[in-house]
Amino acid sequence: MSERRRAAPQRLRGALLLALGGAGLVALLAVAQPRAVADAIARIGFGAMPTLIGLSLLYYLLQGLRWHQLLRAAGIRLSRGNTVLLNYAGQATGLLPAGELARVALVVDATAEPFPRVLATVTVQELIYTLLLLALAVPSAIDHPPMVIALLVALVGTLAVLLLLCTPAMWRPVGFGVARIPLLRRLTAEIDMLRRDTEALLRRSDTFWWSALSLLGAMVAVTLFWLVVHLLAPGAVNWETAASILAVSHVAGSLSAIPGGLGVYEGTVAGLLIAAGVDPGSAAAAALLTRACDKGLMTLVGLAALAASRRALGGGERRRPIAAQ
């Protein structure tokens, strides 16, 4: 079977999942009523937009700086500025199937490093970020048993994945099983490289010291979300509760197979905000506006950064200008 024929079912699956996510957004609007959502968004006005945009840009700046340290720790030489540029560029496809891997592909193209090695840096970054976001959320969820149970399950699950990846004895039976799955058998070498490179990063002390940038990024993300909710429903949710809602929604979106968690993330945010006392129109508006300030804005920024990175790479001389000398 040709590569094109093998890729066709994957493209179809991605398109179906994206359509499912879109249907979830339509359902959310229908339940909350479009007029109520539009009125809620109109109450914010344009005065707050520069702050919301600035927080979103700051989040991805911190993500890029954090990623630079992990790339250097993995032996991948890329200048700090170019890492940040490619991190922004990678957001252009954030809502497409496998779009979260775009920044990995851009670095592979720029440095000629193996894909699993670059992917290991993103794997470590996302696991640690999720762990810190969950840790921020747990204290405020203590008074809400269902939410604290969900957060603790996610926290234990994330810690278990980290332990699995950095403990060869625990990974061995998993690797044995992977080698016997037909679709994954031909990727055994790449999966093993990913696991080994991930382990190497997790065993470095500087990986955790530099996680302060991930913690700061998590706090910026919570602040952005809290500010959106505060503008729509002043005083309804404090910062700590916003952290809990964002963490649960982040995990729910990540666990869904839908690109970017589209529909699942927004539905979870809206549902938890309504449970916290926010009216349905404002809750749906908060979910949609937070998404717009994140993936919506960053799709545009990513396209501009992608064009800038292409110019920096130059025609045919792709690796030399980008890679650190």
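Let me start with Arg 196, which forms a salt bridge with Asp 192, the closest N and O atoms being 3.0 Å apart. This is a predicted model. Both residues sit in helix H10, four residues apart, about one turn of the helix. Arg 196 is partly exposed, at a relative accessible area of 40%, and Asp 192 is also classed as partly exposed, at 31%.

Next, another pair in that helix. Glu 199 forms a salt bridge with Arg 195, and here the closest N and O atoms are 2.5 Å apart. Glu 199 and Arg 195 are separated by about one helical turn, because they are four residues apart in helix H10. Are these two buried or exposed? Both Glu 199 and Arg 195 are buried.

Arg 117 pairs with Asp 197 in a salt bridge, with 3.2 Å between the closest N and O atoms. That pair links distant parts of the chain: Arg 117 is in helix H6, residues 115-141, and Asp 197 is in helix H10, residues 188-202, 80 residues apart. Asp 197 has a relative accessibility of 14%, so this residue counts as buried. Arg 117, at 26%, is partly exposed. Glu 113 belongs here too: Glu 113, Arg 117 and Asp 197 are linked in a network of salt bridges. The count for the model comes to nine salt bridges.

Last, the surface. Leu 215, Leu 216 and Met 219 make a nonpolar surface patch of about 220 Å². Of these, Leu 216 lies in helix H12, residues 211-232, and is partly exposed, with a relative accessible area of 41%.

Conventions:
Residues numbered from 1 in each chain as written. Predicted model: local features only at pLDDT ≥ 70, side-chain atom pairs only at ≥ 80, totals over all residues. Heavy atoms only, no water. Patch = residues over 30% accessible without salt bridge, like charges linked within 9 Å, V, L, I, M, F, W, Y side chains within 5 Å. Areas by Shrake-Rupley, 256 points an atom, 1.4 Å probe, with all protein chains shown as cover. Salt bridge = Lys/Arg side-chain N within 4 Å of Asp/Glu carboxyl O. Helix = DSSP H or I, 4+ residues; strand = E, 2+ residues; numbered from the N terminus. Buried < 20%, exposed > 50% of the residue type's maximum accessible area, 1.4 Å probe, protein only.
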